[in-house]
Amino acid sequence: MPARDRPYVICHMAPSVDGRIVTASWKLPSTLYAEYERTARTFDADAWMIGRVSMAPYAGKASIPKRKVAPVPRKDFIARRDAGSYAIALDPSGKLRWRSNDIDGEHVITVLTEKVSDAYLAFLQSKGISYLFGGRSDVNLKRALEKLHQVFGIKKLLLEGGGKINGSFLAADLVDELSLLIAPVADGSIDTPTLFDAGAVPVARRLKLKSVQKRSGDLVWLRYTRAR
């Protein structure tokens, strides 16, 4: 991995053969999930990132105090910078209701915009949750990655989000490697999330095949790098 000012980003996903990523109706054995975690560990990443919707079940439903608080400066808040690994949420509007500042021992970092309320920032600080600002009203993904590298020393990050966050990274040309554990199912659904949902603007990126492996449970593991 060459020296860089941001983490090396690996988009690691387990889609159907037609690129769908909502697994609820697939009725597959636990092999898929065990292999997904097993292959993810081979990257020895410092952190993983997902979007607000995907992170909600991990965050919980803690109550956010509604009382008025003193104005909170829009400066990054670092509760811990020496964790062995990090769980990162992209939550521009500040909607996640965290019950804890870690997920299975991984320190939580949330990426916000400056439009979040003072009460929400005070809530995060009271929970000991680190946060970074990615922009005023929208997150500049490249700048957010640079901060993650500079402040926390994150060198390798697994992007495991939904179609929109993955699509945003693709559009910003921030996906360095694509790791796909292809599930043995043809989904066929309409209007459900795919690997990359970047919107109407074409953002096609050429890829270079790195490796192909057959895994247990009729899974195929494909790895690609960006063709520069």
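Which side chain meets that of Arg74 in a salt bridge? Select Arg74 and Asp118: their side chains meet at 2.5 Å, N to O. Arg74 lies in the loop between helix 2 and strand 3 (86–90), and Asp118 lies in helix 3 (residues 118–127), so the pair ties together parts that are 44 residues apart in sequence. Arg74 is partly exposed at 28% relative accessibility. Asp118 is also partly exposed, at 23%. Keep in mind that this is a predicted model.

A search of the whole structure finds 12 salt bridges. Side chains of opposite charge can pair when their charged atoms come close.

Arg143 is partly exposed, with a relative accessible area of 35%. Glu146 is buried, at 14%.

Now select Arg226 and Asp173, a salt bridge with its closest N and O atoms 3.1 Å apart. This pair links distant parts of the chain, 53 residues apart: Arg226 is in strand 10 (residues 219–226), and Asp173 is in the loop between helix 5 and strand 8. Arg226 is buried, with a relative accessible area of 15%. Asp173 is partly exposed, at 25%.

**Two positive phi values**

Stay on Asp173 and check its backbone. Its phi is positive, about 60°, although Asp173 is not a glycine. Move to Asp104, where phi is near 50°, again positive in a residue other than glycine. Asp104 lies in the loop between strand 4 (102–103) and strand 5 (106–112). Asp104 is exposed, with a relative accessible area of 78%.

**The largest pocket**

Which residues lie nearest the centre of the largest pocket? Select Ile50, Ser54, Glu160, Gly161 and Gly162. The pocket is lined by 46 residues and has a volume of about 1,600 Å³. Elements that give two or more residues to the lining are strand 1 (8–13), helix 1 (31–41), strand 2 (47–51), helix 2 (52–59) and helix 5 (163–171). Colour helix 1: its six residues are the largest share of the lining. By class, the lining has 23 nonpolar, 11 polar and 12 charged residues.

**A surface patch**

Finish with Leu209, Val212 and Val220. They make a nonpolar surface patch of about 240 Å². Leu209 is in strand 9 (residues 207–215). Leu209 is partly exposed, with a relative accessible area of 48%.

Terms used
Residues numbered from 1 in each chain as written. Predicted model: local features only at pLDDT ≥ 70, side-chain atom pairs only at ≥ 80, totals over all residues. Heavy atoms only, no water. 1 Å grid on protein atoms, 1.4 Å probe; cavity = no way out; pocket = protein on both sides within 12 Å on 5 of 7 lines; lining within 4 Å. Points joined across faces, edges and corners; volume = space filled by probe spheres on them. Helix = DSSP H or I, 4+ residues; strand = E, 2+ residues; numbered from the N terminus. Nonpolar A, V, L, I, M, F, W, Y, C, P; charged D, E, K, R; others polar. Buried < 20%, exposed > 50% of the residue type's maximum accessible area, 1.4 Å probe, protein only. Patch = residues over 30% accessible without salt bridge, like charges linked within 9 Å, V, L, I, M, F, W, Y side chains within 5 Å. Areas by Shrake-Rupley, 256 points an atom, 1.4 Å probe, with all protein chains shown as cover. Salt bridge = Lys/Arg side-chain N within 4 Å of Asp/Glu carboxyl O.
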